[in-house]
Structure formats: C-alpha cells, structure tokens
Amino acid sequence: MKAFLMHADRDFDLKAALPWNADSLVQDLELDTLFDAMAEEDEFLREVARVALLTGGGNDVDTIRYRQAALQDCLRNRQAVRQIYGSVVGTIKGRQSRGGLMWLGNYPGAILSRSVELLEAQVAGLRELRHLAEANAGRFRSPAFTRLFEMLQRELTDEYLQTVEGHLKELKFRDGVLVSAEFGKGLKAREYVLRNALAEHRNWLQRLFGPKEEAYTFNLHPRDEAGARALGELRDRGINIAANAVAQSAEHILSFLAMLRTELAFYVGCLNAHDHLEAKQEPISMPDPSRPEDRLYRFEGLYDVCLSLRTEKRVVGNDLAADGTLLIIVTGANTGGKSTFLRSLGLAQVMMQAGMFAPAKSFAANICDAVVTHFKREEDTAMNSGKFDEELNRMDDIVDHLTSNSVVLFNESFAATNEREGSEIAGMIVESLLRHRIKSLFVTHLYEFAHSFVGRDQKLVEFLRAERREDGTRTFRIIPGEPLRTSYGEDLYGRFFPGEPLEEDKDAA
C-alpha cells in the first residue's frame, strides 16, 4: 500500500538531499520562524516542514497543483485530517511502546511472539483508519485523498482483517506446535514444515471424547534440561519461516504507516501555520504556479509571513505586476521595508513550490529550479578574508550552481566596498544574468548601479521604491519608481540637515 499524498507516483523522501544553499536560504529568509509555526513544538512536524519547503515539489507544476488540491481538502476538513493523523501516530507509538519485548531475544519463538503482538495492534489501527476513511470519504475531493480513501476501503475490508486476526490467533500456538520433517542422511531431520494443528477445528468436547488418532508420543522429565533444549530447537526450526514472514508483515505495515504519517505531517504543519495567520486575519490564497520558462511575478497584498508570525500586529502587503520582467531593482531609504519585501517574495516562492498557500491576497509566479539568496552578512571575526572578499566568494559559489530558470535575490550586495567599485561589480553580474534570462531582484543603495539600468526595456527591468508609512506598522509599502540617490551616508545627512542638498547636488544645480 502507498499513501501518495505528496506525489502522484512516488513516496515523499524525508531523507532527500537538501539544496546546496539550504543553510543560506534558511538564514536569509528566516525560515526557522515558519518551521516553528508549522511544528507547534513537534520535532517530527518541523523536520517534515523543513525538508518539504527546502526541496520543493520537484519543480513541477502538476505536483504543486496536486498538493494544493490536497491542502484545500485539509483546510475544508481540518478536524478529520488531524484525527486521521492522530490515529496513525497512535498506532506507530503503540508499536514503539512494545519495543520493551526485545528482551525476549531474537530466536524464532521470540520473534514470532513479538511480531504477532505487533501485528494485532497494527490491525486494530488499520481498522480504525479504514473506519475514518469511510466516514470522511465523501468530504474530500482531491485526487490524493480520494485515492487514499478508496485504497483503504478496498484493501482493508472486515473480511480481510478478520482473516488476519484468525491467523494471528492460531500463530500463538496455545494448543501446541505441530511440525513435520523428513529423515535425511544419518537420520538427521530436514525439510521442517509447520502444520495446522487444528485443521479439523474440533471443539474441546470433540477433542476430549472424540476418537483418538494413533500417534507415537514421549514425555520429558521435568528436570531434563537437555531434552527441553533439544525440543525447543526443533520447535524453532519448525516456526522459523513463519516467524520471519510475520515479522516482515509487521515491518511492511509499519513502513506504510510511517510514510502516511510523514505525508500527513506536511499538511498538518500547513494547517498549523494557516491557523496562526487566520487568527490575525492575514490574507491567504492558493498561488498560481506557471511553467519554469515563463518570467512572471504578479501579486496583491504580499507580506513577509515570518514577520507576521513573530509580531502581534498585521503587516502591510505589497502589489506588483511584472510579467516578463527579468530584473527588479528596489531602492529607497533605510528601514523602508526593502529587505522585508525581498524576503516576502522569496518566502512566497518557496511556499508555492512546496505546495503551500501564499501569504497574499493573490500570488502568481513561474516555478524556479532554485531560489538563491545573496544577502549582506554581519562582520564575522572568524573570517579569513575581508567582508567584500567573502561576498565575492559566495557569489562565485552561486554562479557555479545557477541554471537559466533560477531566481537570485540580492540584498545590499557588494556594499562592503566603495560605491563605484560595488556598482561596477554588481552591474557586470546583473548584466550576465540578464543575458542568460535569469530572474533577479536587487535591493540596493548603490545609485550608480541602479541608475545604469534606467532607460532599459521596461518589459525586462522594473524599478520599485520604498515608501515609508507612518501608521505604526512594522513594514512599508513598495511603490513603482525610478531609483533614488540614497545611501547610508545620505540618509544620515538628511536626518541632520533636512531639506539641505548635498554638496555634489549643489554643484550639479
């Protein structure tokens, strides 16, 4: 049996290799906040959320829409999904609680006894799961959940489960073990076969007063330890195949339950995050993914979901329509919300590609092979080289991994040197990205760099400018506009000498 809740044709791989830039992506987009909201202090939920968001949906529009449909089912049936998840977790933990039976040993008799007990608990769990599927099947419409429920009802019928329970009862051998064997060379026994001792299924009266079959018997003396040991070895040889078969059956069922738990955990995590945002009345929508070869950003009310999860107040969203745009340059004063805007876009892209909802009234974008970040770093005393060299080394690593369908998010990159040198390097890098039709967004104070793209084809280059709002919110709206001549120094100058132009501006006038 397969769950197929996250992929239409394969299992979700919780051990999948993470992208080469996973650590940077988590740090720059502050993804730990989102992981924590999805986990609700459950480490397993957190790990599933981390792998699902960092690996995405295989850069496949069909997979993303497959998960979106399943998530919409979950949002409509939250209690049922949590109940199913709890049932699966309870069955798995019930098995774990029986791990104490390991002291019985690993000889066939112990393996059989332990496996029978595990299977009995698992069959009870499967029956409960089938009942939940029957009770909720009519409420789910996604291909993922309808297929799962149909499979559970088809494979786990009462007749089948009763048959399994009957076999497990017999495998406890309360009436003894019947084993046959042949004589081989040297009169050594071989070809041991486990027989059904109650093939006739006679009741106790029939067995007590009915006709007796002729048989050779012998009795062991209570103190005959060697005889008892020899008899035990004969018994183990007879039940060895059955013990292995039952143990394998228990492992197969556990494997299915573990995968079902893992794939349900992703949707439970989505529900947890959704509940947090819904309680704050933040807008949430299902994004519209398009093909990787498209170049598209179109959204309304997009906000930084991690900032919202960390604060009590609602955050301000931003609107943008940039169909076909390859480069978006964001300029403006410090604390104007530029970095927040950049993170909000990166987070929405990652969430969309994982099959989640988007933190926006609406969000549409093409899927990408990779979401790459190049954010400024704080000074690190452990650095073996200067801050600017560290930026160049990270950029060199990024270039080695880029594809034409990647998206690169630059945040104050190459500002560790003077403006002229930083602008020149940033310009050369971005020009190369444009030639290869790689999407990029650049938050910057480098006026020369930003201004060098003024007058370019507006279909390819979009300028945004941060507009500060004085309404007490923690974020600020981004509005279209050509780059402003701003830098950290100019911001400070403006604070001390409001309305007074810089010397270079006086000369230009």
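Buried residues account for 48% of the 509 residues in this protein, and the model is a predicted one. Its secondary structure amounts to 17 helices and 12 strands. Of the contacts between residues at least 6 apart in sequence, 74% link residues at least 24 apart.

**Exercise 1.** Determine how the axes of helix H1 and H2 are oriented, and which residues meet.

*Solution.* 
Step 1. Two packed helices are described by the angle between their axes and by the distance between the axes.
Step 2. For helix H1 (residues 22-29) and H2, the axes come within 5 Å and cross at roughly 85°.
Step 3. An angle from 65 to 115 degrees counts as roughly perpendicular, and H1 is therefore roughly perpendicular to H2.
Step 4. On the H1 side, Leu25, Val26 and Leu29 take part, and they meet Leu31, Asp32 and Phe35 in H2.
Step 5. Sorted by class, the contact of H1 with H2 holds five nonpolar residues, no polar ones and one charged residue.

**Exercise 2.** Characterise the crossing of helix H2 with helix H3, including its handedness and the residues in contact.

*Solution.* 
Step 1. Helix H2 spans residues 31-39 and helix H3 residues 43-55; their axes come within 8 Å and cross at roughly 135°.
Step 2. This angle makes H2 oblique to H3.
Step 3. The crossing of H2 and H3 is right-handed.
Step 4. H2 contributes Leu31, Asp32, Leu34, Phe35, Asp36, Met38 and Ala39 to the contact, while H3 contributes Leu45, Arg46, Ala49, Arg50, Leu53 and Leu54.
Step 5. The contact of H2 with H3 comprises nine nonpolar, no polar and four charged residues.

**Exercise 3.** Is H2 largely enclosed by the rest of the structure or largely open, and which of its residues are buried?

*Solution.* 
Step 1. A residue is buried when its relative accessible area is under 20%.
Step 2. The residues of H2 that are buried are Leu31, Thr33, Leu34, Phe35, Ala37, Met38 and Ala39.
Step 3. Because seven of the nine residues of H2 are buried, H2 is largely enclosed by the rest of the structure.
Step 4. Among the buried residues, Leu31 and Phe35 take part in the contact with H1 and in the contact with H3.

Technical notes:
Residues numbered from 1 in each chain as written. Predicted model: local features only at pLDDT ≥ 70, side-chain atom pairs only at ≥ 80, totals over all residues. Heavy atoms only, no water. Helix = DSSP H or I, 4+ residues; strand = E, 2+ residues; numbered from the N terminus. Buried < 20%, exposed > 50% of the residue type's maximum accessible area, 1.4 Å probe, protein only. Contact = heavy atoms within 4.5 Å. Axes fitted to C-alpha atoms, helices over the stretch in contact; angles between N-to-C directions. Parallel < 35°, antiparallel > 145°, perpendicular 65-115°, else oblique. Left-handed = near helix turned anticlockwise from the far one by under 90°. Nonpolar A, V, L, I, M, F, W, Y, C, P; charged D, E, K, R; others polar.
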